[in-house]
Amino acid sequence: MSDQRLSAGLTGQLEQRLHLSQNMQRSLELLALPLPALDLRLEEELAGNPLLTEEESPLPESAAAASEEKQQTEDENDYESNSILADEWCDQLPLPGNGGSDEERGDYFSTIPAPPPSLNSLLTAEIHALDLPENIRKCALEIISALDDDGFLKTPPADLAMICNAGMDEVDSALKVVQDIAPAGVGARNLPECLKLQLIRKGQLTPVLEKLLDEGVSDLEKNRLDLLVKKLMITPGELEKMLKILRTLNPHPGRQESSAGSVVIPDLVIARNQDGSYTVHLRESRKIGIQGYYEKLLNDDTLSAEDRAFLTEKYNGAKEFLRALEMRGTTLKQLGDLLIEVQKEFLDRGVEFLKPLTMKQAAESLGVNESTVSRTVAGKYAETPQGVLPLKNFFSTGVNSQSGGDVSNQAVMEKIRQLIAQEEPSSPLSDEAIAGLLKKSGIPVARRTVAKYRDILKIPSSSLRKKFF
């Protein structure tokens, strides 16, 4: 046998790893927040950093001009001699209403419903209220920002760990926190996990139900109930009881916090100018800045070393936060300008003229990462001439038209919706017939594509739409 010897030594190995700076993490965190959640974040910063102060937002140009004109008019008419203080006369103004007693009119504003907070805002506020280690808190906030509209977490844990500069165990712990505080099922990676989380919360998860969700979802989707009975070794009656339990669960747990009457606050306002062009404005949250008194105090030679260290730390933190806030606004404004450039025809004429645009294409145009665009879009809305719309509505893939250009799949779905709305109720259009009509209009799509888009629109098949009388 050959002589085998063990030896110890040091070896070097080079590897590339991506680390995000604390400033970049803060910028990404603010970028992902819609306006209501940003307000909560600003409140937290104002409470935690004495150097920050809330500034009075400047009047828009139109309002400033009106104010100046009003002042000139007052000066010309010499109103100063008989003017009264605003606080005195505003109390005498009647509140809007439809008559009634003074007491009823005085209660006018209490009848206006406040806009309900989004799921993102609620979870963000709860995370900040919990006593969590800083690394777990950052991971939890990143997880919340990555949730889709249904409440599912589609971002791989490894990507979350890289973004947060954290380990996989920290991401798992943060995910457990989010799943515990969120509505049951939110934070799941897939539908079976979503349903299991809801069953656990209800105390209804049995071993056989868990096996059904782990191994039988495919059979369930294809209605292969006979195979499920054999696989689970249960009777048809027992399977029916299990299915009855599953029907009580919510496959879209992230949507339960919103309602049809919910009021949303747009982050962007896209307005049409008189010449037909468009301009994008940011709907700003509370405007904050650094108090000048403390900046001067830092230059005071009599300041103690302890006080100087405290003020320096808070000053640097305030500057970093304001820089991140500015980056959020800049990125949103740049995205709004891009949407105007690409989707002008949609803004002019409606959804049928929406052009295909992916987040990857937007990222390339803006010179940023695709995940940055995703964070910018998530949970945010734009006020447009076509109504208040989620920013995600501006993004869609497309199909090739016979004219040589691309047609957005959103536009194709709108055409399908219109065709079905105009069909004869006693003889509804089949998916094949709809595909034929679309082809005649220059949009060649397959029957299965029509069926997929119809499902997205939540429109039943032709056999279920048929009316006999």
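A: In this predicted model, aspartate 348 and lysine 344 lie four residues apart in helix α17 (residues 344-349), so about one helical turn separates them. Their side chains meet in a salt bridge, with a distance of 2.9 Å from N to O. A search of the whole structure finds 21 salt bridges.

Two other helices may be considered next. Helix α2 (residues 35-48) packs with helix α6 (residues 119-129) at an angle of about 20 degrees, and their axes are 8 Å apart. Because angles under 35 degrees count as roughly parallel, α2 is described as roughly parallel to α6. The crossing in which α2 passes α6 is right-handed. On the side of α2, the contact is made by Pro36, Ala37, Leu40, Arg41 and Glu44; α6 contributes Asn120, Ser121, Ala125 and His128. Sorted by class, the residues in the contact of α2 with α6 comprise four nonpolar, three polar and two charged ones.

Strand β5 (residues 381-384) and strand β6 (residues 387-390) run antiparallel and are joined by four bridges. A hairpin of two residues leads from β5 to β6. Across this pairing, glutamate 383 stands opposite valine 388 in β6. In a regular strand, side chains alternate between the two faces of the sheet.

Technical notes: Residues numbered from 1 in each chain as written. Predicted model: local features only at pLDDT ≥ 70, side-chain atom pairs only at ≥ 80, totals over all residues. Heavy atoms only, no water. Axes fitted to C-alpha atoms, helices over the stretch in contact; angles between N-to-C directions. Parallel < 35°, antiparallel > 145°, perpendicular 65-115°, else oblique. Left-handed = near helix turned anticlockwise from the far one by under 90°. Contact = heavy atoms within 4.5 Å. Nonpolar A, V, L, I, M, F, W, Y, C, P; charged D, E, K, R; others polar. Pairing = 2+ DSSP bridges. Salt bridge = Lys/Arg side-chain N within 4 Å of Asp/Glu carboxyl O.
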